[in-house]
Amino acid sequence: MSAIFSGEWWNQLNTGEQFFWGTAIISTILFLLQTIMTFLGMDSHGDVDVDTGGDVDIDFDGDLEGDLETDGGDGGHFGVDHDFRVFSIRSIIAFFTFFSWGGILILNAGLSIYLAILVGLGFGLSAMFFVAWVLFKVANLTEVGTEDLSLAIGQTGEVYIPIPRERTGKGRIQIIISQGIKELDAITNDTRISTGEKVIVLDILPDNVLIVERKKSYP
């Protein structure tokens, strides 16, 4: 154990092993932190009586879109239109986490670095698509109703997927509504807003897309 903290363990690794172990350490820490933050931000719900009906459309350009209409017990309706996005912060972190550990397993078995890369890619891509699929399903299941979305107006959110400039496309933001973190589609009249930037919710479109603007910082 002392050899690990003194750096002797690291120096005994070859270049390939250092690459996989370095990637594994960093990505695993990020993966665990992200998982903890997700659980801390999850909100709980009581019993809900929901009738759902939905259809899924697949375009040849690779986009997967789900259309879901939900009828809540109070008669309220709201629409959902989510894209299946393979590349996101969560899925990319999952890719590097499982890619690196898959490679380490192969190297520890005494096999070649080339096989380690191939197996790592298999592990990583599988994890990335699985996480993307889970996020796609959760986004549909945890969508909030119109009456809850109205609480978002005037609130500050953080951009999760970049928002294209001047309403040329949709991004996604994370925002706290009813004591829970929600991920919602958003557009802007501003220039492109990047991941991590803070935004203010100005209005809500009929299809539950938020209109946001970049939050101005003051000295």
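Me: Helices (H or I, at least four residues) and strands (E, at least two) are DSSP runs, numbered from the N terminus. In which strand is the place of Arg-172?

Reply: Arg-172 sits in strand β5. Keep in mind that this is a predicted model, where local features need pLDDT of at least 70, side-chain atom pairs count only at pLDDT 80 or more, and totals for chains, interfaces and linings use all residues. Residues are numbered from 1 along each chain as its sequence is written, and side-chain values use heavy atoms, with hydrogens and water left out.

Me: Is Arg-172 buried or exposed?

Reply: Buried means under 20% relative accessible area, exposed means over 50%, and partly exposed is in between (1.4 Å probe, protein chains only). Arg-172 has a relative accessible area of 4%, so it's buried. A polar atom of the Arg-172 side chain lies 2.5 Å from the backbone oxygen of Glu-183.

Me: Which strands close into a barrel?

Reply: Two strands pair if DSSP finds at least two bridges between them. Here five strands close into a barrel, in the order β4-β5-β6-β8-β7, with mixed pairing. Within it, β6 and β8 pair in the parallel sense over three bridges. Look for Ala-186, whose bridge partner in β8 is Leu-210.

Me: How many residues does the largest nonpolar core have?

Reply: A nonpolar core is a set of buried Ala, Val, Leu, Ile, Met, Phe, Trp, Tyr and Cys residues joined through side-chain atoms within 4.5 Å. The largest one has 15 residues, and Ile-175, Val-201 and Leu-210 are among those with the most contacts inside it. Strands β5 (171–177), β6 (180–188), β7 (198–204) and β8 (210–214) each supply at least two residues of this core. There's also a second, separate core of ten residues, including Phe-20, Ala-24, Val-86 and Phe-95.

Me: What describes a pair of aromatic rings?

Reply: The distance of the centres and the angle of the planes do. Rings of Phe, Tyr and Trp (its six-membered ring) pair if their centres lie within 6.5 Å; planes under 30 degrees apart count as stacked, over 60 as edge-to-face and the rest as tilted. By this rule the count comes to ten aromatic pairs. Take Trp-9 and Trp-21: their ring centres are 5.3 Å apart and their planes are at 85 degrees, so this pair is edge-to-face. Trp-9 is in helix α2 (residues 8–11) and Trp-21 in helix α3 (residues 15–41), twelve residues apart. Trp-9 itself is partly exposed, with a relative accessible area of 24%.

Me: Which residues do ring pairs link into a cluster?

Reply: Find Phe-19, Phe-20, Phe-95, Phe-96 and Phe-99, which ring pairs link into a cluster.

Notes
Polar contact = N/O pair within 3.5 Å; in protein donor to acceptor, adjacent residues only side chain to side chain.
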